[in-house]
Amino acid sequence: GWLRVDPIEVGSRTFLGNTSLLRGDTRVGDDCLIGVLSTAPESTPSGTSWLGCPALELPRIPEEADPARTTDPPRRLVVARGAIELLRLLLPAVVSTILAALVLFTLDSIGRSTHSVVAMLAAAPLAILAAGICALAFTVLAKWLVIGRYRPSEHPLWSWFVWRDELMNSLQTQLAGAWLLGSLLGTPMISTYLRAMGARVGRDVWLETNAITEFDVIDIGDGCAINRTACIETHLFHDRLLRIGPSELGACTTLGPTSIVLPDTKVGAGCTIGGRSLVLRGEELPDGTCWHGSPVVPG
């Protein structure tokens, strides 16, 4: 019956992976890595890497990279990133404002011409749907203009590619997601959207997540079921280097809720990945097998 509040400390240059968990009274040192779907130890020494739940310490192999592109950028890159961050904040908001104004203008015009509140109410869902389709179309167009095709590659944190990728993530979540994409989850239209973005998606796929970014390196087979908040993670950050790799799901594969598949993986046809489970980078799972855990083990 008591609420306990404890401090959490995270050191400099530490990286926390997607859906990682830090409990109260946890202290993470400098230059640490807490992996995807991992629970950090209560006391994490500086310079260490951890993965799993409970977490196991992994060997640390530092990556050689130009500090000017990873940890110590020059002023011109800081200014450039500031400009891109401003665009990333404003562009979805500006487009959303324009769409909302068009919806209101359309409904106002209908009300003035018909002098009927009923007509306005009847037209409102169609007007909002049309605005949502425009938001999706704008996001698809921006992807091909800003990014083109995603390919397996490596990019430092302070680079033009990473900033463009973050801009696309903002458009997908704050523009397309806010207007219509969230309502399409679990419908055939989400597959249509992903195909338009460059992903290979088979027939009769159940998709209840929009946690997909580098679309062109994703291959989802026929009849797959990707449950709520599952993630096909096609990139990883390590020592401030972004690495993109392909992920392939065979036909009739099932990903449980909040499960994650990392890059450079092949999940065989008919596989089942349990909820909140993690398929590590480079793994190939045989057809018709069941897996569970973080990281996954046969189950």
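Is Thr258 buried, exposed or partly exposed? Thr258 is partly exposed, because its relative accessibility is 25%. (Buried means under 20% relative accessible area, exposed over 50% and partly exposed in between, with a 1.4 Å probe and protein chains only.)

The model is predicted: local features need pLDDT of at least 70, side-chain atom pairs count only at pLDDT 80 or more, and totals for chains, interfaces and linings use all residues. Residues are numbered from 1 along each chain as its sequence is written, and side-chain values use heavy atoms, with hydrogens and water left out.

View 1. Thr258 is not a glycine, yet its phi is positive, about 65 degrees. Thr258 sits in the loop between β17 (254-255) and β18. (Helices, H or I of at least four residues, and strands, E of at least two, are DSSP runs numbered from the N terminus.) Asp239, also a residue other than glycine, has a positive phi near 50 degrees. Its loop runs between β14 and β15 (241-244). Asp239 counts as partly exposed because its relative accessibility is 24%.

**View 2. His235 and its surroundings.** His235 belongs to strand β14 (residues 235-238). His235 counts as buried because its relative accessibility is 17%. Its side chain makes a polar contact of 3.1 Å with the side chain of Glu214. (A polar contact is a pair of N or O atoms within 3.5 Å; within protein, one must be able to donate a hydrogen and the other to accept it, and residues adjacent in sequence count only if both atoms are side-chain atoms.) Beyond neighbours within four places in sequence, His235 is in contact with residues including Leu242, Ile244 and Pro263. (Contact means heavy atoms within 4.5 Å.)

**View 3. Packing of α4 on α5.** Helix α4 (residues 160-184) meets helix α5 (residues 188-196) at an angle of about 145 degrees, with the axes 9 Å apart. (Axes are lines fitted to C-alpha atoms, for helices over the stretch in contact; angles run from 0 to 180 degrees between N-to-C directions.) Gln172, Leu181 and Leu184 of α4 touch Met189, Ile190 and Tyr193 of α5.

**View 4. The open sheet β13-β18-β21.** This sheet has 3 strands in parallel pairing. (Two strands pair if DSSP finds at least two bridges between them.) The edge strands are β13 (231-232) and β21 (278-279). Ile232 has Val261 of β18 as its bridge partner.

**View 5. Two cis peptide bonds.** The bond from Cys53 to Pro54 is cis, with omega near 5 degrees. Pro54 lies in the loop between β6 (49-52) and β7 (55-58). The bond from Ser294 to Pro295 is cis, with omega near 0 degrees.
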